[in-house]
Structure formats: structure tokens, C-alpha cells
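I opened this notebook to record what I looked up in one protein model. The entries follow the order in which I consulted the coordinates.

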Amino acid sequence: LLFLSVAVHAQNKELSGNKPAAKTDTSGTKFGALAIDRGNGFYFGWAADCSSLSEAEKKAIEACNNKGGRCSVVLSYSGSGCAAYRFITGNVGMGYGWGLAATREEADKKAKKECAERSYGLPAPNVVWSCNNTNSGELKLIYDAHDEINSIKPGTFTDY
């Protein structure tokens, strides 16, 4: 925390110059998103360090669709932090999971746990992650599809 407060102080000093600092400057806030094909977790797309939520979600969906999936956003967030995504290749159904945290390691722990819940405990060797810049605001979860995906009963098909 000391490092972050020092970094923010230094940034404000550099930006202020001879002008008074703005009272509410959100221009430094960055957004990130993860989109996946909910029927085949092999297809995914990331966006990070975007200037708006809509830009992040659009970029993530486009990146996923460009790989061949029918994708939708499952995670969106703002601020300094990392998101991790784990998935299992092969025929295991819903073998994927994601996590959001201040560090890549913490996010990966969450992704690994969520993937294990969906894959009946099978290990998920495939992991990817994305992080917003460290000076992009307080980490805030905006959307997480965890509960809505977990409410789908195995063996059923839902068109997203």
C-alpha cells in the first residue's frame, strides 16, 4: 500500500504543474474483460487497460469470436488487478473457470478452484491471464457470470 500511495502522489505532482488538480479525475481508471464461448471454453478473448467498460467488453468478445467461438462476457472489472482463466481441453464439458484479484497468483488460485468445481476435480493445465496497469484505479468487480453458469444443470443446453 505504501508503494501505491507514493506512486499516486508522484503521478499527481507530475500532472499538476501550475494547474490545480481536478477534484474527481477518473481518466486513469482502466477496464478489463474476459469473454468465452460458454459451450466450449477453449474459445476465449481478453481485453485490458481499456478506457471504458464498453470498449473492454467489445474487444474481449471480438477476440473470442475471431478464434471461432460464439462468445459472451463472463467477467468485467475496473482498476488495478489481474484476471486469470483456466480451461481443460478435451471432452469434459464445462471445464473452465476464472478469477479476479489484485495479483495474478491470487486470480489464478480462484480460477483453478472454479475450474475444478466444473470439471469434477480434473486438473486444468491451461492458464492465461490479463492485468490492467498498476496505476489504473481501485480494483472493482463489475460483472461475474459465475453463479448463472453454475446454475445450469450438466447435460442441458442453453443458447447464449
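Entry 1: a residue in a loop. I began with tyrosine 120, which I located in the loop between α3 and β6. The model I am reading is predicted. I then looked up the backbone of tyrosine 120 and found a positive phi of about 55°, although the residue is not a glycine. I noted this because most residues other than glycine have a negative phi. Is tyrosine 120 buried or exposed? Its relative accessibility is 66%, and since the cut-off for exposed is over 50%, tyrosine 120 counts as exposed.

Entry 2: I placed aspartate 49 in strand β2, which covers residues 44–50. At 34% relative accessibility, I recorded aspartate 49 as partly exposed, because that class lies between the limits of 20% and 50%.

Entry 3: Which strands does the open sheet contain, and in what order? I read the order as β5-β4-β6, 3 strands with antiparallel pairing. I listed β5 (96–101) and β6 (126–131) as the edge strands, each of which pairs on one side only. From one strand to the next, I noted an average twist of 15°.

Entry 4: I followed strand β4, residues 82–87, and counted 6 bridges in its antiparallel pairing with β5. For a reference point I took alanine 83, which stands opposite leucine 100 in β5.

Entry 5: the helix on the sheet. Which strands does helix α3 touch? I found that α3, residues 104–118, packs on the sheet and touches β4, β5 and β6. I recorded an angle of about 150° between the direction of α3 and that of β5.

Entry 6: the whole chain. Along the sequence, I wrote the pattern as α-β-β-α-β-β-β-α-β-β-α. Of the 160 residues, I noted that 37% count as buried. I also looked up contacts between residues at least 6 apart in sequence, and 65% of these join residues at least 24 apart.

Notes: Residues numbered from 1 in each chain as written. Predicted model: local features only at pLDDT ≥ 70, side-chain atom pairs only at ≥ 80, totals over all residues. Heavy atoms only, no water. Pairing = 2+ DSSP bridges. Helix = DSSP H or I, 4+ residues; strand = E, 2+ residues; numbered from the N terminus. Axes fitted to C-alpha atoms, helices over the stretch in contact; angles between N-to-C directions. Contact = heavy atoms within 4.5 Å. Buried < 20%, exposed > 50% of the residue type's maximum accessible area, 1.4 Å probe, protein only.
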